[in-house]
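Subject: Handover of a structure and the findings on it

Dear colleague,

Please find below the structure that I am handing over to you. I would be grateful if you kept it open while reading the remarks that come after it.

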Amino acid sequence: MLETLLPILIFTALVLAVIGAVRRIRLWRQGRPVRVNLLQGLMALPRRYLVDLHHVVGRDKMISNTHVATAGGFVAAAVLMTLVHGLGIANPLLGGLLLLASTSMFVGSLFVARRRLNPPARLSKGPWMRLPKSLMAFSVGVFLITLPTVGLLPEGLLEGGSSWLLALVLAGVVAWGLGEMFFGMTWGGPMKHAFAGALHLAFHRRAERFSTKKGGTGRSTGLKALNLEDEAAPLGVEKPADFTWNQLLGFDACVQCGRCEAVCPAFAAGQPLNPKKLIQDMVVGFAGGSDAGYTGSPYPGKPVGEHQGAPNTPIVAPVVMKEGKALVDAETLWSCTTCRACVEECPMMIEHVDAIVDMRRHLTLERGKTPNKGAEVLDNLIATDNPGGFDPGSRLNWAADLNLPLMADLKQVDVLLWLGDGAFDMRNQRTLRALVKVLRAAEVDFAVLGAEERDSGDVARRLGDEATFQTLAKRNIATLDQYRFLQIVTCDPHSFHVLGNEYGELGGHYQVRHHSTFIAELYEAGRLTFAPWKGGSVTYHDPCYLGRYNGEYEAPRRVLKALGIQVAEMERSGFRSRCCGGGGGAPITDIPGERRIPDMRMNDVQQSGAELVAVGCPQCTAMLEGVVDASAEVRDIAELVADALVERPADDVSGVSRRTVAATTAEEVAL
C-alpha cells in the first residue's frame, strides 16, 4: 500500500509547493522592478547561506547546531526521500543516508521542541508552536517507512490486509510532515522562511554585504540615493507596492525569531516600535489583510488586530481613519534611531532600517509630515546649512584663539579636519579643542574648511528629506573638489559615515577616518606620548555609526589601552552596544515612550562599575550627559588623550615625517 501511496503523497506535495511558489513570487513581483543578476545570485547562494548567514546564526551555538541538524537533515531527507520513495530508487546506500538525515532532523527537532516549552517573549507563538511536532512527524515518518529499504524490517511488513491500518497511520504521519514542510513552505506556514529566505539571500538588495573573500564579510550600510531627476519615480514608499520586489521578498524571509526585537532600543524604551512586527506588517501589506493573525509582541501601547493594509493602499494613513487603521502609524516609523542593531542581529539579513527610511521619505517629501521639531530643523538646514539655524559664519567662533589653518589659504594639506555641526555646540567645542591640541602635538599637517563647511546632510537624510541631503552633499563635494588632501578626519561618526559611505553615489570619494582611529595610528607611529592614567575605572560606549555602521570597535580601545586604561566592558558592547538614542533624528522627532534610551544606557554604565564613560561621538556625549543623576562622567576620547599628552623631547628622532602617517593610512585604506 505504501509503495502506491508514497509517490502520490510526495509528488502531490511537490506540485502544491510549486503552485504555492508561483503564487508567492507573484506577490513579491507586485513591488517595483529592480535589476538583479539572477544566475550570479543563485550561484552565490550556497556560500551566502553556509558562511554569511551562519556567521550570524552561529553567535548562539545551541541554535546554530540545532539549525544545522534540523535544516541540514530536512534538505537531505527531502531529496533522498524523493529518490527512494518517490522515484523508487531503493538501494541500501540511499536508504541508509536517508535514515541518517531523518535522524539528524529528529534530534534537531527535539531541541526546537525544548525551546518551545517555555519560549522567550521575543518568539512568536501561534502556528510556530506546532512546528516541533511537524518536524518530528516528518522525520519519524520518513525514518519508519525507510527501515524496510535497508533491511531492518521485512519488506512485506507494511503490506497485506493485516497491516493496512499501520500503513495508513504511517502515510498520515508522512502526509502531515509533507504538508508542513513542502506545502507550508510556499503557502505561508512557519516554514515559509526556508523558501523565501533562500531566495532573499540569492537576490539580496545589498549583495555587497556578503563575503567577498575567505574569512571576511562585506559591509554595506549607506542608504541608497533617490533619483530625484526621475519624475516618474516615487519619492520614498507610500504603499507596499512601492518597495522593490526583492525588498518584499526580504520581508517574507522573516523567521519571527525576535532577535531584532530583543536589541531594539526604541522597543526597550516602550516607544511604539517593534522591528519584528514592522516586518510582519509589511508582509500583511503586500499579501493583503490585517495584523490580527500576528502572535508576537505588539508595538508597545498599540493593540494587535486594529491595523490593515493592501499592496496599493497607503502604509500610513494620510488622514485619520474612522473605521480601522492603516498598516502602520507614523509614530512607529519616527521612533527608530537607525542604530542598525536589528539588522546586525537578524539571522535572515533583513534590512529594517532601509525600509523605515524609505517610508519616512514619503512622509517628509510628499506629505511634509515630519513630527515635532523636524520641520524646523529641515528649514534651518535649507536656510543656514546647519540644523540649529546658526549663522554659518560663526562656525569657527570657538577657535578664535587657536589660529586654525584654512583650506582656502593652504589649498593642499595631509588632513582635512571636518568639524561637523558640533562646532556650534559648546560641549563639543571642548572635544574639538582637545583634538586640535592632539593634532598639533603630533605635528599633523591639517586645515579646516571654516565657513565653507556645511552640514554633512546626515540628519536630513535620516529624517527622509533626500532632496536637502543631496543639495548639501553636492555643495560640500563642490567645495572639497577645490582642494587637495590625503584624508578627512572627524570626531563625528555620523559625518564619518556619510562622507565615507554615502557621498560616493553623488561623486564624492574620500578616505575618511574617525579621530579615534587616527589617534591610534599616531600613537603607534611614535608621534604621541602619554602620561600614565591615574583616574578611576573607565568603560567605553560604542557609537552605532562607528561600530555597527563601519565596523570600528578596536581603535578606540587601543587608544584607551595606550593611555593605561583597562576598559571595564559593559554587558552590551561591541556590535551589541546599546544605542544612546541620538541617531536617526530621534531627539528631533522625540516620540514619547515609557523611559528614555540614554537613561537605559547610563544604567548599563552604572552596572559596569565605571566612574567614567569614554565616548567617540558628539551625539552620544550630548545624550549621555543629558541623563539626570548620571553615575559616571562622560568624556570624549580626544579629551582623555589631550589631558594625558606629554611633550616629546626636542631631540626625539623616533618619530616619522609629518606626512608619513597620513600617507600610510591613506594607502592602507585604498588597499
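The paragraphs below set out what was found, beginning with the annotated segments and ending with individual residues. Please bear in mind throughout that this is a predicted model.

Transmembrane segments

An unreviewed UniProt entry lists residues 6-25, 68-87, 93-113, 134-152 and 164-183 under "transmembrane region". Two of these segments may be compared with the model. Residues 68-87 are 95% helix and 0% strand, with 27 Å between the end C-alpha atoms.

The parallel sheet

Strands of a sheet pair through backbone hydrogen bonds, in either a parallel or an antiparallel manner. Here an open sheet is formed by 4 strands with parallel pairing, in the order β4-β3-β5-β6. Its edges are β4 (446-448) and β6 (512-514), each of which pairs on one side only. On average, neighbouring strands of this sheet are turned by 35° against each other, direction ignored. Within the sheet, β3 (residues 412-418) and β5 (residues 484-490) are joined in the parallel sense over 6 bridges. In this pair, Val415 of β3 has Gln487 of β5 opposite it.

A helix packed on the sheet

Helix α20 (residues 493-502) packs on the sheet and touches β3, β5 and β6, and its direction makes about 160° with that of β6. How many of the residues of α20 are buried? The count is 8 of its 10 residues, so that the helix is mostly covered. The buried residues are Pro493, His494, Ser495, Phe496, His497, Val498, Leu499 and Glu502. Among the elements that cover them are α18 (458-462), α19 (466-480) and α25 (618-625), together with β3, β5 and β6. The N-terminal end of α20 is capped by Asp492, which has a side-chain oxygen 3.0 Å from the backbone nitrogen of His494.

Asn476 belongs to helix α19. Is Asn476 buried or exposed? Asn476 counts as buried because its relative accessibility is 1%, and the limit for that class is under 20%. A polar atom of the Asn476 side chain lies 3.3 Å from the backbone nitrogen of Arg454. The side chain of Asn476 also makes a polar contact with the side chain of Tyr503, at 3.1 Å. Beyond residues up to four places away in sequence, Asn476 touches Trp418, Glu452, Glu453, Arg454, Asp455, Ser456 and Tyr503.

Asp636 is located in strand β9 (residues 633-636). With a relative accessibility of 1%, Asp636 counts as buried. The Asp636 side chain reaches the backbone nitrogen of Ala638 at 2.8 Å. Leaving aside neighbours within four places in sequence, Asp636 is in contact with Arg427, Thr431, His515, Val615, Gly616 and Cys617. The C-alpha atom of Asp636 is separated by 37 Å from that of Ala121, which is 515 residues away along the chain.

Two residues with positive phi

Lys411 is not a glycine, although its phi is positive, at about 70°. This residue sits in the loop between α16 (407-410) and β3. Lys411 counts as partly exposed, because its relative accessibility is 46%. Asp590, likewise not a glycine, has a positive phi of about 50°. The place of Asp590 is the loop between α23 (586-589) and α24 (597-608).

Terms used
Residues numbered from 1 in each chain as written. Predicted model: local features only at pLDDT ≥ 70, side-chain atom pairs only at ≥ 80, totals over all residues. Heavy atoms only, no water. UniProt positions renumbered as here; feature names shortened; annotations may be inferred. Pairing = 2+ DSSP bridges. Axes fitted to C-alpha atoms, helices over the stretch in contact; angles between N-to-C directions. Contact = heavy atoms within 4.5 Å. Buried < 20%, exposed > 50% of the residue type's maximum accessible area, 1.4 Å probe, protein only. Polar contact = N/O pair within 3.5 Å; in protein donor to acceptor, adjacent residues only side chain to side chain.
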